[in-house]
Amino acid sequence: MNLLIFKIIFALSIFLLTILTSFIPLKIATHNTRFLKMCDAFASGIFLSTALVHLLPDAVTKYSAISSGGYPLVYLVCIITFVLLLT
């Protein structure tokens, strides 16, 4: 088979899988909102830990390479963004 056909098949399958699995939270939200809130908090924690563990050190390294200032601006932006998302 052609590579283009494989790409089209996989793109359609990913699209359909996304559409089908997006109905699960909608179904849960109508019955059990506490469980949905707990799952949302868990997913937010995963994204936050990923950002803090993997992305923040790289951002600090790259910012310190282009900046001559001693103020940790990257950490300030991270904290402000976290507080804004928390509120």
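**Figure 1. Radius of gyration and overall dimensions of the predicted model.** The chain has a radius of gyration of 20 Å, whereas a compact globule of 87 residues would have one near 12 Å. The structure shown is a predicted model. Along its principal axes, the C-alpha trace spans about 50 × 45 × 15 Å. Of the 87 residues of the chain, 2% count as buried.

**Figure 2. Secondary structure of the chain and confidence of the prediction.** The chain contains three helices and zero strands, and its pattern along the sequence is α-α-α. Helix α1 covers residues 3–31, α2 covers 33–66 and α3 covers 73–86. The mean pLDDT over the chain is 86, and 100% of the residues score at least 70.

**Figure 3. The largest pocket and its lining.** This pocket has a volume of about 390 Å³. Its lining is made up of 16 residues, and those closest to the pocket centre are Leu48, Ala51, Thr81, Phe82 and Leu85. Helices α2 and α3 each supply at least two residues of the lining. The largest share comes from α2, with nine residues. By residue class, the lining holds 13 nonpolar residues, three polar residues and no charged ones.

Figure 4. Phe23 is found in helix α1. The relative accessibility of Phe23 is 49%; the range for partly exposed residues lies between the buried limit, under 20%, and the exposed limit, over 50%. Phe23 is therefore classed as partly exposed. Leu36 lies 13 residues from Phe23 along the chain, and the C-alpha atoms of the two residues are separated by 13 Å.

**Figure 5. Ala59 in helix α2 and its separation from Val74.** Ala59 has its place in helix α2. Because its relative accessibility is 32%, Ala59 counts as partly exposed. Ala59 and Val74 are 15 residues apart in sequence. In space, their C-alpha atoms are 7.0 Å apart.

**Figure 6. Ser68 in the loop between α2 and α3.** The view shows Ser68, which is found in the loop between these two helices. With a relative accessibility of 80%, Ser68 counts as exposed, because this value is over 50%. Ser68 and Ile79 are eleven residues apart in sequence. The distance between the two residues, C-alpha to C-alpha, is 21 Å.

Figure 7. A disulfide is a covalent bond between the sulfur atoms of two cysteines. A search of the whole structure finds zero disulfides. Cys39 has a relative accessibility of 35% and so counts as partly exposed. Cys78 has a relative accessible area of 24%, so Cys78 is also partly exposed.

Notes:
Residues numbered from 1 in each chain as written. Predicted model: local features only at pLDDT ≥ 70, side-chain atom pairs only at ≥ 80, totals over all residues. Heavy atoms only, no water. 1 Å grid on protein atoms, 1.4 Å probe; cavity = no way out; pocket = protein on both sides within 12 Å on 5 of 7 lines; lining within 4 Å. Points joined across faces, edges and corners; volume = space filled by probe spheres on them. Helix = DSSP H or I, 4+ residues; strand = E, 2+ residues; numbered from the N terminus. Nonpolar A, V, L, I, M, F, W, Y, C, P; charged D, E, K, R; others polar. pLDDT = per-residue confidence, 0-100. Buried < 20%, exposed > 50% of the residue type's maximum accessible area, 1.4 Å probe, protein only. Disulfide = S-S within 2.5 Å. Rg over C-alpha atoms; globule rule 2.2 N^0.38 Å.
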